[in-house]
Amino acid sequence: MHKGNRVTFYILIVPVLLWLVLLIILPHIDLFISSFQVQNDAGDSVFSLDNYKAFFDDKIYWLTFLNTLAYAIGVTFLTFLVAFPVAFFLTKVVSRKYASFLTLLLLIPLWVGELVTIYGWMIILGDHGIINEFLKYIGVIDKPIHLLYTDLSMIIGLLYMSVLFMIVPIMSTLESLDDSLIEAASDLGASKWAIFTKIVIPYSMPGITSGSIIVFMLVIGDYVAPDILGGKSSLWFTEQIYNDFLSTFNWNEGAAFGFLLLIISSVIVWVALKLSGQKLERVGQ
Amino acid sequence: MIRSLPNSPLYKISYRIYIAIFFLFLVMPLITIAVLAFNDSNFVALPWRGFTLDWFFANTDSRVGLFADDDLLQSIWTSVQTAFYMSILSTVIGTIAALLFEEEKFRFKGLLYFFAIAPLVIPGVILGISILISSTFVGSYLENRFGINADFFSPGFWLVVLGQFSFGATYVLLIVGARLKKFDRTLEEAALSLKATRLQSIWYITIPFLKPAIINAFVVSFLISFSNFNTTIFLVGSDPTLPVDLYSRIKFSSTPVLNAVSFVIVLFITLVAIINLFVNRKK
């Protein structure tokens with residue numbers, strides 16, 4: 001290799017190594033180590049399995065964990081159902097002029113930020129919220145229906161903040177689907193249902209996989225929607241981690257819970273990638 | 001079904017109604033916030049009690065508007081500063097990473113690339129707590145071993161910047177990397193054969209080609225930083241960023257000033273989006 005090339009190579013790789021080693025790799029190793037430690041009476045950190053024992057001994061922890069997992073899978077599927085017709089509409093149905101405008105509209109809630117939009121939902125769903133006041137106004141109800149602080153409101157919030165991450169990857173695969181395939185199927189007498197299940201959905205599978213992985217990870221790691229919109233009975237695993245770090249200051253236990261969350265979500269992503277034969281690199285595109 | 005095929009009117013109408021409901025779902029929280037920011041009431045929700053600008057300008061005992069609320073203005077300013085430094089750091093390192101992964105060959109490249117895009121699927125809370133744990137570890141080590149007062153490593157402004165940068169660079173890498181894939185390598189080869197050094201060819205040929213993607217990546221990083229909560233909450237010190245401040249107000253002391261500040265954010269983002277639309281249309 002040319003000498004100048006070597007210098008350039010080092011100029012490029014050193015900052016990248018600093019980023020990845022100091023901020024990604026080492027912190028996760030520290031998280032791992034910390035999860036196997038407890039503070040003894042002298043205040044020193046000693047090796048222990050207590051943090052993980054606490055997880056399996058205390059019913060509330062692993063129940064919350066399973067609950068979060070089940071909801072995350074359910075919300076991911078729901079997001080797909082909601083997102084797919086929208087993605088198809090924006091790429092194949094509506095004229096291109098409106099498509100760019102509507103796609104932009106999709107992005108606004110994302111950039112506005114989760115906290116603001118979830119707060120908006122809190123106002124909409126509250127006892128004096130838009131929905132209850134509207135229903136009262138048209139005379140359907142006279143007492144407010146309890147919508148906020150329920151599993152329903154939490155699901156709405158999670159769906160809202162993640163739906164875009166399903167639409168965009170599906171749109172990017174559908175864009176390359178040749179319309180003439182659909183036309184040909186239609187000319188040969190295929191029903192709409194057959195066209196969707198035999199052509200459109202199989203073709204957009206890479207986008208659906210990417211979208212599902214990102215949505216699943218967003219939902220399982222989310223805190224704002226379950227905490228602000230969810231009720232007392234809505235158990236969310238990230239809330240346990242937040243409590244350990246921000247209120248009870250049991251960092252070691254929080255580290256163990258964080259590590260469990262990381263492991264289980266990595267396993268699920270890995271399985272999803274294997275089943276669909278996709279690479280992680282593609283997820284980002 | 002698609003543009004070129006005829007459809008039954010029922011299918012067409014029901015599809016359009018679905019799309020209309022979806023977009024209503026999408027804009028409803030934004031519109032609700034925008035309208036209620038002008039509600040002359042001391043509570044964040046309905047009923048509507050008339051129009052007022054109090055939640056922007058008032059400064060009385062019962063009502064403190066956005067522009068009189070020093071804490072809120074301070075947290076906005078903290079967020080702007082955080083986003084600024086985080087975006088510069090992410091854009092520079094992310095672009096370098098894109099050049100490295102697209103143009104260089106080396107051992108363990110695949111493994112390194114895996115770590116570089118992992119933040120895309122690592123939950124923000126995990127990044128937050130692991131960076132908190134390791135920086136606290138380094139900080140207390142320095143203090144106990146060398147007696148160095150290591151404020152830099154305790155939760156605060158710079159830790160938030162670093163924590164957000166840890167995944168911000170990933171987004172820059174993806175955005176700039178995508179554009180770099182379309183780059184015509186012969187241009188660099190031409191520069192090299194004309195005795196330009198490798199660095200000169202990157203600086204004078206590759207970087208100008210990447211400029212639109214780099215600007216785009218900077219804007220995206222800025223917006224990501226400005227709205228981040230999940231990672232930031234663990235690393236924040238005594239000066240909260242706007243999302244952290246909003247969170248504690250929503251939980252403990254919500255007044256319609258929250259609607260006012262949310263409205264300003266929505267307005268700002270919408271303006272940026274419209275400008276972006278026009279700029280892209282011109283091209």
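pLDDT is the predictor's confidence in each residue, from 0 to 100. This is a predicted model, in which local features need pLDDT of at least 70 and side-chain atom pairs count only at pLDDT 80 or more, while totals for chains, interfaces and linings use all residues. Residues are numbered from 1 along each chain as its sequence is written, and chains are lettered from A and ligands numbered from 1 in the order in which they are written.

Figure 1. In chain A, helix 14 (residues 280–283) has the lowest confidence, at a mean of 60, and helix 7 (residues 151–174) the highest, at 90. Helices (H or I, at least four residues) and strands (E, at least two) are DSSP runs, numbered from the N terminus. Chain A averages a pLDDT of 84, with 95% of the residues scoring at least 70. For chain B the mean is 83, and 93% of its residues reach 70 or more. The model scores ipTM 0.84 and pTM 0.86.

**Figure 2. The fold of chain A.** Chain A has 14 helices and two strands. Its C-alpha trace spans about 75 × 75 × 30 Å along the principal axes. Of the 285 residues in chain A, 42% are buried (20 or more other C-beta atoms within 10 Å of the residue's own; exposed means 12 or fewer, partly exposed in between; C-beta atoms are placed from the backbone).

**Figure 3. The side of chain B that touches chain A.** The contact (C-beta atoms, placed from the backbone, within 7 Å) takes 72 residues from chain B and 77 residues from chain A. Helices of chain B that each supply at least two residues to this side include helix 3 (70–103), helix 5 (124–146) and helix 11 (257–282). The largest share, twelve residues, comes from helix 1 of chain B. By type, the residues on this side of chain B are 58 nonpolar (Ala, Val, Leu, Ile, Met, Phe, Trp, Tyr, Cys and Pro), three charged (Asp, Glu, Lys and Arg) and eleven polar (the others, Gly among them).

**Figure 4. The bend in helix 8 of chain B.** Helix 8 of chain B bends by about 55° at B:Lys211, and the proline B:Pro212 follows within four residues. The bend is the angle between axes fitted to the seven residues ending at a residue and the seven starting there. The helix has 30 residues, but its end C-alpha atoms are only 38 Å apart, short of the 44 Å that a straight helix would reach at 1.5 Å a residue (1.5 Å times one less than the number of residues).

**Figure 5. The surroundings of B:Trp48.** B:Trp48 lies in the loop between helix 1 and helix 2 (54–57) of chain B. B:Trp48 counts as partly exposed because it has 13 C-beta neighbours inside 10 Å. The C-alpha atoms of B:Trp48 and B:Val35, 13 residues apart along the chain, are separated by 9.4 Å.

Technical notes:
Two residues are in contact if their C-beta atoms, placed from the backbone, lie within 7 Å.
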